[in-house]
Amino acid sequence: MAENETKNTSEDLSPKTVDEDIFNEVNKFLKEKEQYIKDSIIGSRVMEELGEFSLDVGIKKTYLCAQESENVYSVLTKVIEKFIQAYGGTATIYPKGEQICLELITPKRGV
């Protein structure tokens, strides 16, 4: 081996590096899932109808909150229908202050 070459071994992987790698992979997965939910489940037309909304995507649960308005329930119902068709999961709609929120739960998948 040349003088300035290093030997790559598992000893080079510090726990901090491994943790960062795992964090980055999970973060990447969640961003991809969020984009999929925006594109496929919510859709651009529904996003326009909701106006300002927040979306919090997790591995098992996703939360969507929008300002309470005259049509918010009918719009969120469309999201629930698409979500159940895509994932077969469950959904709960509930008030949170001046917002109406959805809790979308993705079922466990078999391998």
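A disulfide is a pair of cysteine sulfur atoms within 2.5 Å. A search of the whole structure finds one. Cys65 and Cys101 form this disulfide, with their sulfur atoms 2.1 Å apart. The link of Cys65 and Cys101 is right-handed, with 115 degrees about the S-S bond. The pair links distant parts of the chain: Cys65 sits in strand S2 and Cys101 in strand S4, 36 residues apart.

The model is predicted: local features need pLDDT of at least 70, side-chain atom pairs count only at pLDDT 80 or more, and totals for chains, interfaces and linings use all residues. Residues are numbered from 1 along each chain as its sequence is written, and side-chain values use heavy atoms, leaving out hydrogens and water.

Buried means under 20% relative accessible area, exposed over 50%, and partly exposed in between (1.4 Å probe, protein chains only).

| Residue | Relative accessible area | Class |
|---|---|---|
| Cys65 | 5% | buried |
| Cys101 | 0% | buried |

**The sheet**

Helices (H or I, at least four residues) and strands (E, at least two) are DSSP runs, numbered from the N terminus. Two strands pair if DSSP finds at least two bridges between them. Four strands form an open sheet in the order S1-S2-S4-S3, with antiparallel pairing. Strand S1 (53-57) and strand S3 (90-96) are the edge strands, each pairing on one side only. From one strand to the next, the twist averages 15 degrees. S1 and strand S2 (residues 61-67) run antiparallel and are joined by five bridges. Phe53 has Ala66 as its bridge partner in S2.

**The helices**

Axes are lines fitted to C-alpha atoms, for helices over the stretch in contact; angles run from 0 to 180 degrees between N-to-C directions. Contact means heavy atoms within 4.5 Å. Helix H1 (residues 15-42) lies across S1 and S2, at about 130 degrees to S1. Helix H3 (residues 72-87) packs on the sheet and touches S2, S3 and strand S4 (99-105). The direction of H3 makes about 5 degrees with that of S4.

H1 and H3 pack at about 115 degrees, their axes 9 Å apart. In this contact, Lys33, Tyr36, Ile37, Ser40, Ile41 and Ile42 of H1 meet Val79, Lys82, Phe83, Ala86 and Tyr87 of H3.
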